[in-house]
Amino acid sequence: MKARGGTPDPRARVVVGQLVCLLSLMAPACALAQTTPAGTAMSYEAASTRLDGTSPGLSGRGHEVSATRATAAATKALRRPLITATASVIEYQKTLSLDLSGPRATLSRSSDDLLGRLSSDFPPGSSQIAAEVIQRLGAALPGLIGSIPDEYNLRTRDAIFRPTVQGLLPLYTGGAIGAIQKGADHATQIAEAEDRGGRDLARVGLVRAYFGQLLAVELASSSAETLASFERHLADATRMERAGMLAHARTLEVQVARDAAARAQLRAESEEASARDALARMLDMPAGVEPSSPLFVQSAPLASVGSFIESVDGTPRVQGADAARRLSRSGVDLAKSRFLPQVFAFGEYNLDRDQALATEPDWIVGVTARMTLLSNVDRRATLLAAQEREKGAADAAAQARKDVAGDVVKAWNLVDAARRSFLLLESGLAAAAENLRVQRASFVEGESPAGDLVSAEATLANARAQRAAAAFEYDLALVSLLAASHRIDEFGRYLRAADHHVETRR
């Protein structure tokens with residue numbers, strides 16, 4: 001477009017300049033779109049499912065639960081009999097000494113009496129034969145009896161194989177077995193509560209990382225737009241200073257503001273990189289993750305805080321504290337059992353009687369009772385310690401209920417405050433967008449300077465950043481509330497029911 005005489009029309013220069021400025025306003029968004037990191041698009045539900053399978057922390061707690069369950073199962077057999085088999089190879093030597101002096105004297109007297117009565121036992125007419133027999137016996141018996149020693153020593157040495165089976169059955173233990181079994185069950189309940197609590201906290205961490213990356217991207221976009229606005233503002237100020245229309249001090253002020261925006265941009269880029277790395281590591285995806293579920297807010301208020309407090313008794317923290325209290329009660333019962341007797345039935349059977357020692361029975365059964373009369377451990381002090389632990393556990397359970405209720409109330413208030421703040425920012429964002437539209441129209445018509453347009457652009461970018469931050473606060477407070485009340489599975493329902501979303505501009 002040229003004016004008469006072939007000279008350029010001043011209005012044409014203005015329009016060209018305005019077009020160049022408008023194109024420069026669009027440049028940051030284009031640059032951001034070109035530098036968006038590549039990553040795998042993933043919804044929050046998909047990320048939650050992946051976290052369950054990739055988190056070593058969750059897997060470790062699962063192993064601990066399995067270990068405590070196995071321990072509790074092992075204690076269920078404590079009332080069964082204990083059967084053992086023993087096989088021994090024994091080499092032995094035995095020496096016996098027998099005193100024969102008494103039996104020999106008795107035998108001598110008995111033989112004399114026998115010879116005295118023997119003559120009368122023969123029939124008449126055989127007296128001569130009887131006399132001869134008696135005479136011969138009387139002559140032989142002293143020699144025979146004299147050959148018997150006063151003491152007889154016997155020594156034997158042998159090696160035997162001794163296989164036996166033993167059985168032991170507890171009949172009464174003073175409550176020790178029951179206390180041990182209940183204690184193992186309560187330890188399992190504690191591990192399960194810790195596992196549930198750990199999974200709730202893992203969801204909180206996932207929401208912080210997942211939606212935190214979206215917030216970091218939005219803040220980086222806003223800071224880039226703000227920096228670009230100040231860059232243009234500084235260029236305008238420099239040109240105006242050269243034309244003598246602006247003091248150097250004002251140009252320096254713009255320079256300081258531009259440098260601050262540049263530092264903010266560097267921090268925003270660093271925080272975005274950290275946020276991307278945190279989510280990628282959490283989900284074990286080195287190539288990165290691009291969240292597809294946006295930041296969200298539900299404009300309707302939540303249910304009353306009382307409805308969340310009603311869930312306190314079902315929270316992992318309270319249930320774990322209650323299980324710890326019951327575990328300490330089992331410790332009291334175990335300490336009391338040490339004052340009571342123990343009764344066991346026992347038995348043993350020899351599987352090879354042929355090689356058994358002479359003093360060993362073929363089998364044996366019986367019942368034995370045992371009671372500790374004097375112990376080297378102060379049982380009363382042990383019982384007192386167990387009772388104090390029970391009282392401490394009861395106090396800890398009561399405190400846990402108070403703390404969880406307090407956490408629920410605090411999180412509920414944070415959710416409601418973030419919701420109201422977001423709704424207020426919604427109207428502010430609309431005003432900032434309308435102001436930018438007006439400034440652009442005025443700039444195109446030549447009615448307002450470029451500085452007003454740049455300021456309007458920066459104001460809109462700041463409003464968008466604050467709106468995204470409020471949405472993130474809402475999401476994080478919401479998941480904290482659901483975790484505190486152990487209703488973490490409802491987070492997806494709130495996400496789907498949300499009526500406000502913040503779409504990331506990358």
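Is Arg-281 buried or exposed, and at what relative accessibility? Arg-281 counts as exposed, at 64% relative accessibility, where exposed means over 50% relative accessible area, buried means under 20%, and partly exposed lies in between, with a 1.4 Å probe and protein chains only.

Before I go on, a word of care about the source. This is a predicted model, in which local features need pLDDT of at least 70 and side-chain atom pairs count only at pLDDT 80 or more, while totals for chains, interfaces and linings use all residues. Residues are numbered from 1 along each chain as its sequence is written, and side-chain values use heavy atoms, with hydrogens and water left out.

Let me stay with Arg-281, whose side chain meets that of Asp-277 in a salt bridge at 2.9 Å, N to O; the term stands for a side-chain nitrogen of Lys or Arg within 4 Å of a carboxyl oxygen of Asp or Glu. Both residues lie in helix 7 (residues 248-282), four residues apart, about one turn of the helix; helices here are DSSP runs of H or I with at least four residues, strands are runs of E with at least two, and both are numbered from the N terminus. An α-helix has 3.6 residues a turn, so residues three or four places apart point the same way. Asp-277 is partly exposed, with a relative accessible area of 36%.

A search of the whole structure finds 26 salt bridges. One of another kind joins Glu-192 and Arg-69, at 3.0 Å from N to O, and this pair links distant parts of the chain, with Glu-192 in helix 6 (residues 176-242) and Arg-69 in helix 3 (residues 56-75), 123 residues apart. Glu-192 is partly exposed at 22% relative accessible area, and Arg-69 is also partly exposed, at 47%. In helix 10 (residues 379-444), Lys-391 and Glu-388 are three residues apart, and their closest N and O atoms, 3.8 Å apart, form a salt bridge.

Leaving aside residues up to four places away in sequence, Leu-478 touches Phe-296, Leu-302, Val-415, Phe-491 and Tyr-494, where contact means heavy atoms within 4.5 Å.

The C-alpha atoms of Asn-153 and Ser-97 are separated by 4.4 Å, although the two residues are 56 residues apart along the chain. Leu-82, for its part, has its place in strand 2 (residues 82-99) and is exposed, with a relative accessible area of 51%.
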